[in-house]
Amino acid sequence: MTEYTPTVQGTGARATIQRFGGHLAGMIMPNIGAFIAWGLITALFIPTGWLPNEDFAKLVDPIIKTLLPILIGYTGGRMVHGQRGAVVGAVATMGVVVGADIPMFLGAMIIGPLAAYILKLVDGFIQDRTRAGFEMLVDNFTAGIVGGGMALVGLKAIGPVVEVVTDWAGDVVAWLVGHNLLPLASILIEPAKVLFLNNAINHGVLGPLGVAEAVKQGKSVLFMLESNPGPGLGLLLAFMFFGPRLLRPSTPAAIIIHFLGGIHEIYFPYVLMKPRLILAVIAGGAAGVLVFIVTGAGLVATPSPGSIFAYIAVTPKGGWFGVLAGILAATVVSFAVASALLGFGRGADDETEETGETSTEPETSSVVKEA
Amino acid sequence: MASIDSKDIHKIIVACDAGMGSSVMLASQLRKQLKGQQIQVEHTPVNSIPADADVVVCHAGLAARAKVTAPDKVLISFQLFIGDPAVTKLVNTIKNGGTVDA
């Protein structure tokens with residue numbers, strides 16, 4: 001292992017956090033198509049949209065408040081206990097959906113897997129005690145009873161608690177925005193992102209809060225905190241001009257995949273191999289957020305993947321200036337800081353030798369040794 | 001140390017966090033590079049690597065999780081999403097025959 005290849009050993013805590021975050025994101029990400037459908041319908045047909053249409057706009061509320069939480073609860077249940085878990089997860093999610101004023105994404109992320117887990121325990125207990133021939137009867141009624149019961153629990157217990165927590169989190173965000181402190185979020189977000197917590201942060205935390213805000217205000221800046229492609233673009237541009245010579249040829253393709261394709265993972269290795277460059281993406285991210293706030297920019301839905309095309313698609317009418325200015329600011333700042341940290345190409349030749357070593361010897365860089 | 005002869009490789013799984021982004025990209029690259037070989041290349045989330053995988057390919061930052069979900073599989077971890085030497089080596093070994101080990 002060289003300094004360019006971060007070790008994979010001794011990262012138990014990181015893997016645990018990743019795994020937990022992976023579960024959160026795993027409930028959202030398979031359903032992104034539905035989110036995009038909602039985002040497009042909203043952007044087009046609400047009264048302030050591109051093609052205002054009263055009939056079509058009736059779709060907006062039921063999709064965000066009922067369909068999307070149920071899909072999340074269904075997917076969360078399926079992750080825990082297969083198809084049966086998915087069904088009780090969906091039923092239980094109805095409990096948190098009914099009577100709530102906000103989109104119950106967080107509630108669905110809790111009650112869907114929880115209901116499925118309870119059914120899993122029940123199934124494990126009852127399976128050996130069921131007489132031959134009664135399996136179908138027992139299976140259907142245990143699922144029905146657990147699902148129905150959890151819907152009641154959701155309505156009376158989990159829903160109200162989640163509503164309070166969401167309101168509280170919304171107040172914290174509003175306070176941060178009001179005091180111009182939101183750019184500081186980049187100090188946490190950018191390093192976590194390159195440690196592959198990107199989906200967990202964006203889809204597990206910021207997305208659900210952003211949706212709650214977007215329903216009230218028509219747009220939210222929270223969707224853009226993690227998904228801004230600017231910092232990564234600036235970093236890759238700096239590598240293209242000033243990076244180690246061996247890495248330069250691969251960067252144009254990486255830029256296309258990152259900025260147009262929206263797969264941000266492509267730039268994480270460039271940060272991991274030169275960890276001090278984390279300062280560049282933090283600075284770029286913070287600059288972007290600052291511009292977003294100053295211009296009052298926001299998106300109507302999560303841009304996923306974080307491609308410039310997805311950004312344009314979910315930008316509300318008339319909001320392009322702030323969104324594009326924030327991406328541009330993030331790119332420029334990240335590029336400038338990264339270029340400076342790379343010494344504007346000076347010393348690139350020395351570093352060629354070091355990186356050359358890792359690139360030509362797969363044994364040292366890329367094969368995981370048995371722990 | 002897990003290892004497998006290139007002739008016995010029938011299914012390669014490329015894993016990433018969500019199984020929707022970077023793994024799909026790398027899987028389609030691998031599929032092109034392995035065209036003509038009788039090898040299936042699929043992508044999944046790193047938390048749900050299927051049991052019938054012969055070789056698992058994932059980024060070094062996720063390798064610790066892949067080891068938990070697929071402890072006895074041959075695991076190739078890489079650093080770069082484009083042109084990583086470990087991935088190139090895997091492709092070459094499959095094409096020319098030999099043993100893939102992790």
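The model is predicted. Chain B contains 3 helices and 6 strands, and its open sheet has 4 strands with parallel pairing.

**Overall shape**

- Chain B has 102 residues, and its radius of gyration is 12 Å; a compact globule with that number of residues would have a value near 13 Å, so the two agree.
- Along the principal axes, the C-alpha atoms of chain B fill a box of roughly 30 × 25 × 20 Å.
- Of the 102 residues in chain B, 53% are buried.
- Among the contacts in chain B with a separation of 6 or more, 58% are between residues 24 or more positions apart.

**Order of elements**

- The strands of the open sheet in chain B are arranged in the order β3-β2-β4-β5, and their pairing is parallel.
- Strands β3 and β5 (74-78) of chain B form the edges, and each of them pairs on one side only.
- On average, neighbouring strands of this sheet are turned by 25° against each other, with direction ignored.
- Strands β4(B) and β5(B) run parallel and are joined by 5 bridges.
- B:C58 has B:S77, in β5(B), as its bridge partner.

**Helices on the sheet**

- Helix α1 of chain B, residues 22-33, packs on the sheet and touches β2 (11-16), β3 and β4 of chain B.
- The direction of helix α1 of chain B makes about 150° with that of β2(B).
- Helix α3 of chain B, residues 85-96, lies across β4 and β5 of chain B.
- Helix α3 of chain B runs at about 135° to β5(B).

**A loop residue: B:D52**

- Where is B:D52 in chain B? B:D52 sits in the loop between β3 (40-45) and β4 (55-59) of chain B.
- Is B:D52 buried or exposed? B:D52 has 10 other C-beta atoms within 10 Å, and a residue counts as exposed at 12 or fewer, so B:D52 is exposed.
- B:D52 and B:K73 are 21 residues apart along the chain, and their C-alpha atoms are separated by 9.5 Å.

Conventions. Residues are numbered from 1 along each chain as its sequence is written. Chains are lettered from A and ligands numbered from 1 in the order in which they are written. This is a predicted model: local features need pLDDT of at least 70, side-chain atom pairs count only at pLDDT 80 or more; totals for chains, interfaces and linings use all residues. Helices (H or I, at least four residues) and strands (E, at least two) are DSSP runs, numbered from the N terminus. The radius of gyration is taken over C-alpha atoms; the globule rule is 2.2 Å times the number of residues to the power 0.38. A residue is buried if 20 or more other C-beta atoms lie within 10 Å of its own, exposed if 12 or fewer, and partly exposed in between; C-beta atoms are placed from the backbone. Two residues are in contact if their C-beta atoms, placed from the backbone, lie within 7 Å. Two strands pair if DSSP finds at least two bridges between them. Axes are lines fitted to C-alpha atoms, for helices over the stretch in contact, and angles run from 0 to 180 degrees between N-to-C directions.
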